[in-house]
Amino acid sequence: ICGQIKTEREITEQIFTFLNRARLYSYWTQKCEYFGDSWEDGRLRAIQNSQVIILVISELGIKSIEQAHINPDELLLEYEIIFELYNSRKCFILPIHIGLYTSENHLKKFDSFSTTVYPNKLHSHPKSPR
């Protein structure tokens, strides 16, 4: 389960708890770590060994990707690896989009996934497959 930031954490924890109660093995970086690995290598290994990947995506979560050509971005690195696995038919992706709550406590529709805000430049992360 990929859901890293605060706005995604509550729903991600609910999914993780549900899957484990149903006795379906699941990996979430907030609850699981590979011993002996760096957190990044452990997380990437878990992704590469997954058959189903649940992407919990929020507007705030993807905001950092806009500058990934300048600042290496861990979330974009995860997405790149996940989509490589998907394109080679090694996993299935289940995206869950989370909207934001407004100041009036109303849920705003998730509509921020416009590719126009992302530069047409390569990711600067040294482990990026691009």
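## A surface spot to start from

Leucine 94 is partly exposed, with a relative accessibility of 38%. Leucine 94 sits in strand 2, residues 92–98. With Val52 and Phe92, Leu94 forms a nonpolar patch on the surface. Together the three have about 290 Å² of accessible area. Such areas come from the Shrake-Rupley method with a 1.4 Å probe, and for residues only the protein chains shown count as cover. Patches are made of residues with over 30% relative accessible area and no salt bridge; like charges are joined within 9 Å, and nonpolar side chains (Val, Leu, Ile, Met, Phe, Trp, Tyr) within 5 Å.

The model is predicted: local features need pLDDT of at least 70, and side-chain atom pairs count only at pLDDT 80 or more, while totals for chains, interfaces and linings use all residues. Residues are numbered from 1 along each chain as its sequence is written, and side-chain values use heavy atoms, with hydrogens and water left out.

## The overall plan

The protein has four helices and four strands. Along the sequence they come in the order α-α-β-α-α-β-β-β. Helices (H or I, at least four residues) and strands (E, at least two) are DSSP runs, numbered from the N terminus.

The protein has 130 residues, and 39% of them are buried. Its accessible surface is about 8700 Å², with 54% of that belonging to carbon and sulfur atoms. Take the contacts between residues at least 6 apart in sequence: 69% of them join residues at least 24 apart. A contact means heavy atoms within 4.5 Å.

## Strand 1 and its partner

How much of strand 1 is buried? Six of its seven residues are, so the rest of the structure largely encloses strand 1. Strand 1 pairs with strand 2 in the parallel sense, over seven bridges. Two strands pair if DSSP finds at least two bridges between them. Isoleucine 57 stands opposite histidine 97 of strand 2.

## Two nonpolar cores

The largest nonpolar core has 19 residues. Leu55, Ile62, Ile65 and Tyr79 have the most contacts inside this core. Helix 2, strand 1 (52–58) and helix 4 each supply at least two of its residues. Helix 4 gives the most, with seven. A nonpolar core is a set of buried Ala, Val, Leu, Ile, Met, Phe, Trp, Tyr and Cys residues joined through side-chain atoms within 4.5 Å.

Which residues does tyrosine 79 contact, leaving aside neighbours within four places in sequence? They are Leu55, Ile57, Ile62 and Ile65. Another core lies apart from the largest one. This other core has five residues, among them Ile15, Leu19, Ile54 and Val56.

## Salt bridges

Side chains of opposite charge can pair when their charged atoms come close. A salt bridge is a side-chain nitrogen of Lys or Arg within 4 Å of a carboxyl oxygen of Asp or Glu. By this rule there are four salt bridges. Aspartate 41 and lysine 127 form one of them, with the closest N and O atoms 2.4 Å apart. This pair links distant parts of the chain, 86 residues apart: aspartate 41 is in helix 2 (residues 39–48), and lysine 127 is in the segment after strand 4 (107–108). Aspartate 41 is partly exposed at 31%, and lysine 127 is partly exposed at 40%.

Arginine 43 and glutamate 78 also form a salt bridge, at 2.5 Å from N to O. Arginine 43 lies in helix 2 and glutamate 78 in helix 4, so the pair ties together parts 35 residues apart in sequence. Arginine 43 is buried, at 7% relative accessibility. Glutamate 78 is buried too, at 1%. Arg43, Glu74 and Glu78 are linked in a salt-bridge network. Glutamate 66 pairs with lysine 63, the closest N and O atoms being 3.3 Å apart. Glutamate 66 counts as buried at 19%.

## Loops

Glutamine 67 lies in the loop between helix 3 (59–63) and helix 4 (74–87). Glutamine 67 is partly exposed, at 38%. Its C-alpha atom is 9.6 Å from that of valine 117, which is 50 residues away along the chain.

Arginine 23 is in the loop between helix 1 (6–21) and helix 2. Its phi is positive, about 60 degrees, although arginine 23 is not a glycine. Arginine 23 is exposed, at 79%. Arginine 89 is in the loop between helix 4 and strand 2. Arginine 89 has a positive phi near 60 degrees and is exposed, at 77%.

Conventions:
Buried < 20%, exposed > 50% of the residue type's maximum accessible area, 1.4 Å probe, protein only.
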